[in-house]
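Subject: Structure handover

Hello,

Here is the structure for your files. My notes on it follow below.

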Amino acid sequence: YDYKRWAKKKALKLERERAKLIAQWKEEARLEAEAIRREEEARRWYNRFGRWTKAELQIFTEKFKKFLSKTETFISNLPLTIGAVALAIVTLGVVWFKFAEENIDSCEPVHFHSPQCTFPEFPGCFDCDLDNKWYKIAVNFHYVCSTLSGILAISFFAKILLARRVVIDEMSSPTTSSPAGLICMTMVCV
């Protein structure tokens, strides 16, 4: 008698487990079929374009964030002596340009406020032949030096905007703050 009851219980228990497993398999099959249907729908043209656009936008955003992070790190680590470098470069451009104006035969000294004075920079002013090869080289060198100095001066102001705490810390010491005054001189020359 006990064996029959035990066998019946066991059969009933196995039947319940079998029913649970069948229900679980049906649910898994339904979910798998739904996933396949969603994947097929996603493969259609209009959804593919949307997914491609979204993926490309995410890649671009990640690269842009990395670029901004590296740029901010670079600018924050620039020393304040960058003003001295900028001043030296702009002065180099001006000095060599004036040296070329004084030594090129086609350049004639003119009055500082005359309309022939193309570059009213100290010292003196000259009216030069604009087609002279050496004059063109001197002018272009002057422009390159001024542009480079301007970029360095702008990087100083970018440091003020991006790394205020670092700049405040550097300005609190006379040793590290003294080169910052050279930026003002550079801005006048540029």
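Predicted model: local features only at pLDDT ≥ 70, side-chain atom pairs only at ≥ 80, totals over all residues.

Residues are numbered from 1 along each chain as its sequence is written, and side-chain values use heavy atoms, leaving out hydrogens and water.

The protein chain has 7 helices and 2 strands (DSSP runs, H or I of at least four residues for helices and E of at least two for strands, numbered from the N terminus). Their order from the N terminus is α-α-α-β-β-α-α-α-α. Of the 190 residues, 25% are buried (under 20% relative accessible area; exposed is over 50%, partly exposed in between; 1.4 Å probe, protein chains only).

There are 6 salt bridges (a side-chain nitrogen of Lys or Arg within 4 Å of a carboxyl oxygen of Asp or Glu). One of them pairs Arg-18 with Glu-15 at 3.3 Å, N to O; both residues lie in helix H1 (residues 2-42). Arg-18 is partly exposed at 48%, and Glu-15 is partly exposed at 42%.

Glu-101 and Lys-98 form another, at 3.0 Å, N to O. They sit 3 residues apart in helix H3 (residues 82-103), about one helical turn. Glu-101 is buried at 1%, as is Lys-98 at 3%. Elsewhere, salt bridges with shared partners link Glu-27, Arg-30, Glu-34 and Arg-38 into one network.

Finally, Asn-132 caps the N-terminal end of H4, with a side-chain oxygen 3.0 Å from the backbone nitrogen of Trp-134.

Regards

Terms used:
Polar contact = N/O pair within 3.5 Å; in protein donor to acceptor, adjacent residues only side chain to side chain.
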